[in-house]
Amino acid sequence: MRPSRLAPATRGLLPALRASALLLGLPAAAVAQNTSAQPAQPKKTAATPLEASIDKLATHPTVVAAMRQIQSDNAWTLDQQASICQIPAPPFKEEARAAAYRDRMKALGIQNVRLDSEGNVIGEIKGTGPGPTLLLAGHLDTVFPEGTDVTVKREGTKLIGPGIGDDCRGLAVVLSVARQIITQKIPFGGRLLVVGNVGEEGPGNLRGTRALFKGPLKDSIDLFISVDGTGFGITNGGVGSNRYRVHYKGPGGHSYGAFGMPNPIHAMGRAIAKIADLEATTKPKVTFNVGIISGGTSVNSIPFEGIMEIDLRSESASALAEIDARLQKALRAAITEEKARWPQSKAALDLVIDTIGIRPAGMTPDTSLIVRTSLAAARTMNVYTPLTTSSTDANVPMNLGRPAVTLDGGGVGRGAHSLDESYDDRTDGYKGPQWVMLVVLGLLGVK
Ligand SMILES: [Zn+2]
């Protein structure tokens with residue numbers, strides 16, 4: 001997921017916005033009411049060559065038509081978002097939503113639509129000339145288990161339902177962009193791969209994106225953009241995480257009768273104390289957390305097992321490896337200390353570490369073309385786009401050194417991963433797909 005963020009305050013640049021909209025040949029209404037999702041990003045006096053080229057791109061007749069059509073077809077985009085979201089897609093059970101997404105992609109005229117062996121839906125739009133291959137994806141999976149009521153309610157401009165922002169918004173934005181590129185016959189270069197991928201959320205452990213970068217396409221993906229979350233952020237830092245389920249095990253016994261043997265929960269307590277005292281840097285940011293503990297059978301039994309789940313994170317792969325090494329040392333030291341506490345006991349005390357998930361860390365530099373193009377397109381549209389660090393599908397290509405970002409899909413989101421998750425389109429949600437399209441076309445190039 002991309003955690004949603006609250007919009008910063010509007011800065012009152014409406015006259016400038018309207019003027020620039022006219023200059024760009026965009027409908028003034030497209031930026032007339034900048035009251036909700038994003039404040040204006042003040043324009044620099046002189047545009048860089050890249051910024052100037054994106055400004056120019058936004059005046060290309062087919063691009064202007066596509067931008068307008070995204071706005072006038074906003075209800076269609078919202079219908080896609082709501083109806084996709086009413087198809088359950090629990091982790092590892094994305095098939096029904098994948099089939100529906102495949103059918104919608106086919107209906108739009110996207111070519112060669114297929115499912116890969118992992119369950120990702122993949123289609124292509126071929127450009128009219130040479131150029132890079134850009135993969136544009138939204139993720140199909142949600143965090144919600146089977147049986148969750150996924151009915152979407154509408155209240156004015158607001159859609160409410162599990163997964164409505166994360167990532168039904170992304171899935172709808174991807175369709176909206178693909179639809180206009182096809183309908184307006186935009187003469188772009190290269191190839192656009194359109195993807196609905198599985199396995200982004202926690203238990204999925206990025207399995208969909210990993211498969212994309214291991215499968216037949218692995219060497220041909222030059223640029224990767226996932227649309228995930230709401231608002232107008234650019235994620236170019238991929239937070240890596242290592243997650244473990246750790247078991248301390250012993251024979252167990254009566255708390256009075258068998259007293260004098262190592263206690264797995266006591267050993268786990270020693271480990272937790274060591275974890276709690278780990279050093280955590282802020283640059284790069286490193287975090288650790290024991291999130292779940294369980295074990296034991298009764299108050300008067302030495303337990304045969306103590307279990308805990310641990311999450312380590314960092315945007316730096318080396319910092320993550322370093323804290324992981326210290327964690328492993330602490331887990332083992334706790335065993336040694338608990339055994340040493342009861343030297344006369346012959347009872348075994350064992351440590352079993354299960355890996356729940358490893359998400360690779362990575363970073364697409366601020367100076368990369370994909371980040372600068374994303375920023376330039378936002379500047380052309382007068383929307384404010386912070387650069388952020390998060391854990392998304394883009395982690396996989398970032399870790400492989402491929403240019404990758406995750407872009408937000410516009411609008412205002414609340415309560416991601418909760419049952420009352422909401423997405424508010426307000427007056428200008430359409431700017432999300434407009435922005436994503438401009439970034440995509442800026443990277444692929446338009447004749
Ligand atoms: Zn997400």
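This report walks through a predicted model, from its confidence to its sheet, helices and cores.

Let's start with confidence. The chain has a mean pLDDT of 91, and 90% of its residues reach 70 or more. Residues 4-37 are another story: the pLDDT there is below 50, though this stretch still has 73 contacts in the model beyond near neighbours in sequence.

## A four-stranded sheet

Now have a look at the open sheet built from four strands, in the order E11-E13-E9-E14, with antiparallel pairing. At its edges sit strand E11 (286-295) and strand E14 (350-359), each of which pairs on one side only. On average, neighbouring strands of this sheet are turned by 15 degrees against each other, ignoring direction.

Inside that order, strand E9 (residues 240-249) and strand E13 (residues 305-314) run antiparallel and are joined by 10 bridges. As a bit of background, strands of a sheet pair through backbone hydrogen bonds, either parallel or antiparallel.

## Helices across the sheet

Two helices lie across strands of this sheet. Helix H8 (residues 264-276) lies across E9, E11 and E13, and runs at about 15 degrees to E13. Helix H9 (residues 317-341) lies across E9, E11, E13 and E14, running at about 5 degrees to E9.

Nonpolar side chains tend to be buried together in soluble globular proteins. Here, the largest nonpolar core has 56 residues, and the ones touching the most other members are Leu136, Ile181, Leu192 and Ile225. Helix H12 (residues 431-444) supplies the largest share of this core, with nine residues.

Leaving aside residues up to four places away in sequence, Ile225 touches Leu134, Leu135, Leu136, Ala137, Ile370, Val405, Leu407, Val439, Val440 and Leu443. Apart from this core lies another one, of 20 residues, including Tyr244, Val286, Met308 and Leu331.

## A closer look at Thr388

One last stop is Thr388, which you'll find in strand E16 (residues 387-390). Is Thr388 buried or exposed? Thr388 counts as buried because its relative accessible area is 16%, and the cut-off for buried is under 20%. The side chain of Thr388 also has a polar partner: it makes a polar contact with the side chain of Thr235, at 3.3 Å.

How values were computed. Residues numbered from 1 in each chain as written. Predicted model: local features only at pLDDT ≥ 70, side-chain atom pairs only at ≥ 80, totals over all residues. Heavy atoms only, no water. pLDDT = per-residue confidence, 0-100. Contact = heavy atoms within 4.5 Å. Buried < 20%, exposed > 50% of the residue type's maximum accessible area, 1.4 Å probe, protein only. Polar contact = N/O pair within 3.5 Å; in protein donor to acceptor, adjacent residues only side chain to side chain. Pairing = 2+ DSSP bridges. Axes fitted to C-alpha atoms, helices over the stretch in contact; angles between N-to-C directions. Core = buried A, V, L, I, M, F, W, Y, C linked by side-chain atoms within 4.5 Å.
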